[in-house]
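Please look over the sequence and the fold before reading on, and keep both in view as the paragraphs proceed.

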Amino acid sequence: MFHLHNKKQAPLKFEVTITVLTMTNLPSKYKHLRLMLTRGAKAVSTKEMFAVNQKAQPSPADGVMKMVSTMYKAKNNAFEEKTYKLSLIRINPRAMREKEKKIGTTYINMADFVSPDPAGINEETKLTMKVSESSTATDVTLSIKSHWLRNFKGSDGDAMSDMTGATRW
């Protein structure tokens, strides 16, 4: 389903940087992992992260995802909801087939982490993710930074938004 925006609503583009601080309660059999953030065809991912004793605490360089997100204001002056899927991927470096497999998913509403304030947003958030082959939910702690790209003229990688001013829900 597509949601067409009122022509008077100007799209606001934000640079968003998500850094993985910690992941705890990971299934003990998985040592090589990464997170992937997706919405439609747009996808960003961390580098490979390593778990020790069911915990991963990646370096800032390995646990970072950056993107540009187009947001629209709702009638109440808040931003319209824009949900991204955050998936936990296990990596099997020895496998010939199926090197990567999604083992958990949760969702982030990007509208909660953007503001046209020049100072931007810098927040920590903790998400809980049900992970296959584990009875305990995995906790993912993220640092989410965003700032408004006031004069941004490029693409955010979402072809539908770029072409028609529409966004997919």
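The paragraphs below go from the overall fold to the nonpolar core and then to a charged pair.

This is a predicted model, in which local features need pLDDT of at least 70 and side-chain atom pairs count only at pLDDT 80 or more, while totals for chains, interfaces and linings use all residues. Residues are numbered from 1 along each chain as its sequence is written, and side-chain values use heavy atoms, with hydrogens and water left out.

The chain holds one helix and twelve strands, taken as DSSP runs numbered from the N terminus (helices H or I, at least four residues; strands E, at least two). Of its 169 residues, 46% are buried, that is, under 20% relative accessible area, where over 50% is exposed and in between is partly exposed (1.4 Å probe, protein chains only).

The largest nonpolar core has 34 residues, such a core being a set of buried Ala, Val, Leu, Ile, Met, Phe, Trp, Tyr and Cys residues joined through side-chain atoms within 4.5 Å. Strands β2 (12-24), β3, β7 (64-71), β8 (83-91), β9, β10 (121-131) and β11 (138-148) each supply at least two of the core residues, and β2 gives the most, with six. Among the residues with the most contacts inside this core are Met 23, Leu 35 and Leu 88.

By the rule used here (a side-chain nitrogen of Lys or Arg within 4 Å of a carboxyl oxygen of Asp or Glu), the count comes to one salt bridge. Arg 34 pairs with Glu 100, their closest N and O atoms lying 2.4 Å apart, and this links strand β3 (residues 32-39) to strand β9 (residues 100-109) across 66 residues. Arg 34 is buried at 12% relative accessibility, whereas Glu 100 is partly exposed at 38%.
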